[in-house]
Number of protein chains: 2
Amino acid sequence: MSKSQDFQTWSFAIQQQMELALGAVLPPAYQLPQRLHEAMRYAVLGGGKRVRPLLTFASGEVVQASVERLQYAAAAVELIHAYSLVHDDMPCMDDDVLRRGKPTVHVEFDEATALLAGDALQTAAFEAISARSLCDEPADQLKMVKILATASGAAGMAGGQAIDLASVGKPLSLPELENMHILKTGALIRAAVLLGSYCGEALPQAERDKLDRFAKLMGLAFQVVDDILDVEADSATLGKTAGKDAAHDKPTYVSLLGLKEAKLRAAELEAEALDCLSVFGARAERLRELAHFIVHRAF
Amino acid sequence: MSKSQDFQTWSFAIQQQMELALGAVLPPAYQLPQRLHEAMRYAVLGGGKRVRPLLTFASGEVVQASVERLQYAAAAVELIHAYSLVHDDMPCMDDDVLRRGKPTVHVEFDEATALLAGDALQTAAFEAISARSLCDEPADQLKMVKILATASGAAGMAGGQAIDLASVGKPLSLPELENMHILKTGALIRAAVLLGSYCGEALPQAERDKLDRFAKLMGLAFQVVDDILDVEADSATLGKTAGKDAAHDKPTYVSLLGLKEAKLRAAELEAEALDCLSVFGARAERLRELAHFIVHRAF
């Protein structure tokens with residue numbers, strides 16, 4: 001099997017595992033209140049690249065964490081990501097009608113249900129990360145809850161969305177744009193990596209710092225590539241409306257740097273991220289493959 | 001000092017303490033993104049009866065918990081409550097313009113900011129309950145996170161809101177109405193009591209069960225009284241729009257039972273709740289006073 005085939009097999013297995021884990025963590029669709037539960041399951045299941053869970057699992061390989069633990073840590077991160085998409089798509093935010101090739105939640109259901117489903121998905125994330133033992137030490141698992149909360153809230157993802165909202169039609173400098181993305185997308189990607197590293201053997205602080213730095217660079221690279229794809233790909237490939245950032249007059253890496261420079265920036269971030277992994281040797285092979293996938297993906 | 005003066009002094013001291021604790025837990029208004037932080041603080045600070053924090057503190061007296069711990073447990077519950085009000089008031093939900101005598105968050109700011117502020121307040125709750133030691137045993141604190149999540153999500157408050165939403169204009173039976181309220185209001189009130197009981201000395205399971213039963217009955221009593229006040233009080237006293245449930249054709253205890261029977265029901269619930277506290281003797285005096293306050297309040 002070639003290296004890229006092996007990576008595809010691994011990714012596919014985790015995507016399957018996550019579909020099961022997320023399905024088990026979410027309330028059943030037949031149970032009351034059905035419409036809420038259906039909307040929650042609709043928002044989460046049956047799609048998505050599961051980039052964050054892949055990062056959690058790849059990071060878990062560094063510390064030889066078990067699938068049993070990793071799937072719930074990864075589910076927590078993915079539920080936060082899913083809730084943010086549901087709310088982000090709502091009419092008062094991005095007002096988007098297409099997501100992962102399907103109508104968005106407020107279109108398929110209604111606005112009130114989308115609002116509640118997003119709310120309940122966020123709560124489900126904190127339930128997933130607290131309901132069973134994911135660490136040898138409960139005190140470390142409390143740290144995981146704190147890491148997820150900080151990454152998701154006003155000092156992380158939600159804060160980044162607020163800055164994004166305020167930036168429509170405004171000229172942002174490159175540092176301002178980077179700061180926005182470090183919060184909006186980067187914080188949760190960073191959490192995905194860190195949480196995986198708590199599920200197995202204890203890691204010396206210096207190595208955890210390396211992992212954290214890798215995660216931060218990956219978060220930025222992910223966004224640069226997203227901006228490039230928003231310009232280069234079409235809606236069918238993306239499974240969401242292409243070119244919407246330009247249409248909304250939102251600043252992007254491409255609008256600030258130009259396409260060629262943006263691609264260079266992505267390559268630089270990848271190289272720097274890979275550097276951080278050298279200390280881990282073969283244990284970080286999946287993380288290396290993922291870094292390559294994130295930077296060179298076509299969707 | 002009379003008994004009722006003493007209770008008022010105690011309540012006032014905790015309300016002051018909570019204002020400080022919530023102010024410290026929330027991101028500062030001068031920090032970016034300012035509009036988000038301002039909206040979060042606007043939604044939480046400077047008002048509210050703080051019934052849930054009072055319950056947490058009163059329950060904490062049963063186990064001799066410290067103020068240092070109780071204030072963060074109580075803050076977590078209050079932040080969940082505050083986020084639910086922000087989202088509940090939005091146009092796609094109850095579309096309300098007045099809350100605690102002030103314009104609602106989406107009126108004072110805008111819908112997108114209200115959505116994000118509510119989201120970030122929920123996250124802040126889980127940060128407040130995980131960021132510092134609130135229990136002697138970290139494993140017990142993980143249970144607290146789980147209790148808060150279960151009470152707030154699809155199996156609790158958010159689920160109750162979804163049932164409420166689906167019930168507009170529909171005839172609900174009394175058991176259906178009770179089930180809705182047990183989730184919508186009751187679950188978080190129950191969590192407020194339970195969380196306080198985890199912040200101090202360990203409690204035998206039988207006693208924790210009594211406290212839990214008390215909390216469940218209080219949750220129901222709180223809602224019955226809310227329905228009575230919605231009919232009897234005016235908007236100025238309530239600080240929110242009076243009579244809105246009847247106007248929205250929502251079933252209430254009063255519409256199902258009549259005013260007289262609803263008042264009887266509240267008295268029965270209070271009596272049964274007080275019964276549950278007998279095992280605790282003098283340690284539950286604050287809980288008894290609170291039960292009386294909740295059932296006999298005029299706002």
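Buried means under 20% relative accessible area, exposed over 50%, and partly exposed in between, with a 1.4 Å probe and protein chains only. By this scale A:Asp95, at 46% relative accessibility, counts as partly exposed. This is a predicted model, in which local features need pLDDT of at least 70, side-chain atom pairs count only at pLDDT 80 or more, and totals for chains, interfaces and linings use all residues. Residues are numbered from 1 along each chain as its sequence is written, chains are lettered from A and ligands numbered from 1 in the order in which they are written, and side-chain values use heavy atoms, leaving out hydrogens and water.

Chain B is superposed on chain A by a rotation of 180 degrees with 0.0 Å of shift along its axis (RMSD 0.0 Å), fitted by least squares on the C-alpha atoms of residues with pLDDT of at least 70 in both. The two copies are thus related as by a two-fold rotation axis. Within chain B, the C-alpha of B:Pro138 comes closest to that axis, at 2.8 Å.

Most residues other than glycine have a negative phi, and most peptide bonds are trans. The exceptions below concern backbone geometry.

| Site | Backbone value |
|---|---|
| A:Leu32 to A:Pro33 | cis, omega about -10 degrees |
| B:Leu32 to B:Pro33 | cis, omega near -10 degrees |
| A:Asp95 | phi near 50 degrees |
| B:Gln64 | phi near 50 degrees |

A:Pro33 is placed in the loop between helix H1 (3–25) and helix H2 (34–44) of chain A; helices (H or I, at least four residues) and strands (E, at least two) are DSSP runs, numbered from the N terminus. B:Gln64, in the loop between helix H3 (51–62) and helix H4 (67–88) of chain B, counts as exposed at 58% relative accessibility.
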